[in-house]
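This report is meant for someone meeting the structure for the first time. Please look over the sequence and the model before reading on.

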Amino acid sequence: MLVAMALLAATTATTAAGTAATVPTASEPAIDLLVDASDAPRGVFHSRLVIPAAPGPLALAYPKWIQGEHTPTGPITQLAGFTVTALGKALSWQRDPLEMYVLRLEVPAGADAVTVELDYLSPPATFGSGYGETPNATPHLAIVDWHDLLVYPLGGAAADIPIHATLRLPRGWQYDTALHAEPDRQQRQPGQAADATTFATVSLYTLLDAPLLAGDVFRIIELPDPLGAAPVRISLAAGRAAELEVPAARIAAYRRLPAEAAALFGARHYGEYHWLVALDDSLDQNGLEHHESSDNRGRAALFTDPAQLLRGGTLLPHEYVHSWNGKYRRPAGLATADPLAPLHTDLLWVYEGLTRYLGDVVLTVRSGIRTPEQSREHLAFLAATLDHNRPGRRWRPLVDTAAAVPAFDDAPAAWTAYRRGRDYYDEAALIWLEADTVLRRRSGQTRSLDDFCRAFFGGGSTPPAVVPYTADDVYAALGRIVPFDWRGFFTSRVEAVQARAPLGGLAAAGWRLVYDDRPNEFQEAGAHTQETVDLSFSLGLWVKPDGTVIDVVVDSPAWTAGLGPGMKVIAVNAVKWSAEAAADALKAAAHTTEPIAISAEQGDVVRSFRIDYHDGERHPHLERDPTLPDLLQQILAPRAAK
Ligand SMILES: [Zn+2]
């Protein structure tokens, strides 16, 4: 019911995107796109487009606002070699003086198309947050993100523009994608070696939604689909075969993941689903969601190093949940039909925050990717970070971290604690946990957030489609599960400045946030994989292994002593800086009233600091509150039939 109403209510916003998955009508001539990725290992992708055009002015746009990145991170600086010809003659072009993603030219009389050639230059190292601003190729693999590789004509319904794409890969490379190769011109099945593949004509929306992963060290893991007839698979590309050795226990958990998602949502909105996983130390460690696939990137040892296996375990379930929450159901401000249109990101506390809760906590444990104990360590870490290490929460409401992300996405690590980071992920996850406990307790444990998910994201399986929603739609849907002041619940937590983190969900679920000297398993794995010495819960700072201070928590002991980001610690208690020296100083401080002595360089100055701290090592954990039932255990229990 809600779905149908939302469709009717937002017809104008959804027309282009809602029909995007359909095959374009034959009457509209398609853009022919040839991408030659055979030189991708060097970082060069060549594109040639034949774009139908009428004589007169023509404006061509390079995709700017990237769905899933939520930001204007189309890699315009990596577009080079742009030339346009018509009737065999080169045409001059000018960049729009205000919108630099738009190039303008004049199509000569007698022409019915222009031919555009351009190169996308994959950067050898990350320089921004967008996927075109991080490396898209290594000597052994390439990720074909179509938005990096094309321009499209402005003036019509951009999302509906039909595109007929052909891709050339390095000889012998395998590939996978949610796109379908053209049946009559298909040379080989996906996953098998193919030098050139032509894909069935799709809309621009569908093409941009369907990246392709290729490589010469490749593995496909097929998974069972509990709802039937929809292939679900993981495709991995890496530099060495040993990096594809996913532990058997992790594969077993991945095999349960579609079943647990089916039990949670009751329906799916894809015809097939592909996790495309690229493994290399030069790649971004991140994921980008799509309707029928996700572009997942991790370090080479993502599946072979226990610390990375723990930290990175949530990547695949997180991106998978986005097929429902983010792609199918999408905040109205993110359901744009043209990549030149700005995205309104204020509802990312639903899009990303609920995905953090459902993907990184609920489905991760229900499928067996993490144990309940590991998940509690994760929850303790993020709750403590938001409560203890976020002085920025005293000035900045949670919603602003979402609404302002297009401007804040490339903010430096220094001062993150005071500025706040992308807190709409973790903090909103805690709020959604609290909403789950409200549903369970107010209904006498007969209803839960699972019922909301079935109603809001399920509603019968469909092919990819976009059904936008507003915050009021979310509150109304929750109210149909359990009547409650949901608007008041969320606005007080999301829109108001709150000096303390939302810990009510943990408390209502029967768990208390406590600190002691035992290492937190999740925090420790992070310190290992990110090469950070994390002293945040004790002294209030994070330090690189070489002593450089990454950030300091305002009003923490380190802050009060005068330390700041960018300083380089050279000695602790007159011992040369190391993680071990810091740990020894913390232990010793618990048995003395003497402050911890720090020597640090700042430019050409060496300064001494005295940190008045005596609580020893301090790490967050969850502790059972025996006076309440363990709702967290019930939330994390598997739902799917074995
Ligand atoms: Zn996400």
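This is a predicted model: local features need pLDDT of at least 70, side-chain atom pairs count only at pLDDT 80 or more; totals for chains, interfaces and linings use all residues.

Aspartate 555 lies in the loop that runs between strand 26 (549-552) and helix 19 (557-561).

Asparagine 573, likewise not a glycine, has a positive phi of about 50 degrees. The loop that holds asparagine 573 is the one between strand 27 (568-572) and strand 28 (575-576). Because its relative accessibility is 32%, asparagine 573 counts as partly exposed, a class that lies between the limits of 20% and 50%.

Strands of a sheet pair through backbone hydrogen bonds, and they may do so in a parallel or an antiparallel way. An open sheet of four strands in this model has the order 6-7-3-10, and its pairing is antiparallel. Strand 6 (93-95) and strand 10 (152-153) stand at the edges with a single partner strand each, so one side of each is left without a neighbour in the sheet.

Strand 3, residues 56-61, and strand 7, residues 102-107, run antiparallel and are joined by six bridges. Alanine 61 has valine 102, in strand 7, as its bridge partner.

## Two helices that cross

Two packed helices are described by the angle between their axes together with the distance between those axes. The axes of helix 8 (residues 353-366) and helix 13 (residues 423-442) come within 7 Å and cross at roughly 70 degrees. Helix 8 and helix 13 are therefore roughly perpendicular to each other, since angles of 65 to 115 degrees are counted in that class. The crossing of helix 8 and helix 13 is right-handed.

On the side of helix 8, the residues in contact are Gly353, Leu354, Arg356, Tyr357 and Arg366, while those they meet in helix 13 include Tyr424, Asp426, Trp432 and Arg440. Taken by class, the residues of the contact between helix 8 and helix 13 divide into eight nonpolar, one polar and five charged.

Note on methods. Residues are numbered from 1 along each chain as its sequence is written. Side-chain values use heavy atoms; hydrogens and water are left out. Axes are lines fitted to C-alpha atoms, for helices over the stretch in contact, and angles run from 0 to 180 degrees between N-to-C directions. Helices (H or I, at least four residues) and strands (E, at least two) are DSSP runs, numbered from the N terminus. Angles under 35 degrees count as roughly parallel, over 145 as roughly antiparallel, 65 to 115 as roughly perpendicular and the rest as oblique. A crossing is left-handed if the near helix is turned anticlockwise from the far one by less than a right angle, and right-handed if clockwise. Contact means heavy atoms within 4.5 Å. Ala, Val, Leu, Ile, Met, Phe, Trp, Tyr, Cys and Pro count as nonpolar, Asp, Glu, Lys and Arg as charged, and the others, Gly among them, as polar. Two strands pair if DSSP finds at least two bridges between them. Buried means under 20% relative accessible area, exposed over 50%, partly exposed in between (1.4 Å probe, protein chains only).
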